[in-house]
Amino acid sequence: MHSQAFVSQINVRITDQQLLWLESQVKPFRNKSAVIRDLIDSKIQGIDTTAKLATCSAGAGPPQGNLRSLTGNKPSLKQPENEAEITESQQLPPHQTEAVPSLAQEPDHKKEYIVVKNDIKVEKARKSRAKKTKGTPEFEAFWRRYQGCRHRANGQSKPKALDVWCQLVPEELQPDDLMRAVDGAIADIRSRQSINEFASPLPDCFRWLRDACYAVYLEDNTPEPTKSSMFLI
């Protein structure tokens, strides 16, 4: 025979209402002493009220009966007056676990609003950039012709080229003039490369327009016919 650990005994004076509540918690294999010990253990151990109370306290011997899930309420000395109030009190959420929104957290509807607002800003910025780089059909044809030359500088600035184009056309030049000039520049590069002669690559289209590199290809550089020596005085 193993000797059981000594368990202290105390006498507690309680009211009739408290006694009724205590008796309502009694179940098979779970007497009043076990209920009181469980309430004391819950305070000592500081366990969450939504967890299950231990069926025996330290030094109380083997477990007595099955585990019982808590109702989530703090132990109260006030006894419900009827079974309806008991059921209602068991269904109430624990006071300490009430949902209190953190100040650092934002409601979902605000987060969705911010995301949608950011998407709108990004879409507007994209459309704005696309609008700035989309020129007239004449400019787009000129731009494709210029970019079609493989012997050109990298990092072409289309928005800047479009700005200079709008300054030149139609006040100073016509689109056909610039198309003729870029065709002449490309033909000159190919002609020099065909005889293994150095050919400067086309610069950034923006610089080509800004520095009037097209002008040389719009000049009439046809050599004048030479006179025969017999007519020289």
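Trp208 touches Phe142, Tyr146, Ala181, Val182, Ala185, Leu202, Pro203, Cys213 and Tyr214, leaving aside residues up to four places away in sequence; contact means heavy atoms within 4.5 Å. The model is predicted, so local features need pLDDT of at least 70 and side-chain atom pairs count only at pLDDT 80 or more, while totals for chains, interfaces and linings use all residues. Residues are numbered from 1 along each chain as its sequence is written, and side-chain values use heavy atoms, with hydrogens and water left out.

Helices are DSSP runs of H or I with at least four residues, numbered from the N terminus.

The structure holds 7 aromatic pairs, that is, rings of Phe, Tyr and Trp (its six-membered ring) with centres within 6.5 Å. In one of them, the ring centres of Phe142 and Trp165 are 5.1 Å apart and the planes stand at 35°, so the pair is tilted (stacked is under 30 degrees, edge-to-face over 60, tilted the rest). Because Phe142 lies in helix H5 and Trp165 in helix H6, the pair ties together parts 23 residues apart in sequence. Phe142 is buried, at 0% relative accessible area, and Trp165 is buried at 3%; buried means under 20% with a 1.4 Å probe, protein chains only.

Terms used. Helix = DSSP H or I, 4+ residues; strand = E, 2+ residues; numbered from the N terminus. Buried < 20%, exposed > 50% of the residue type's maximum accessible area, 1.4 Å probe, protein only.
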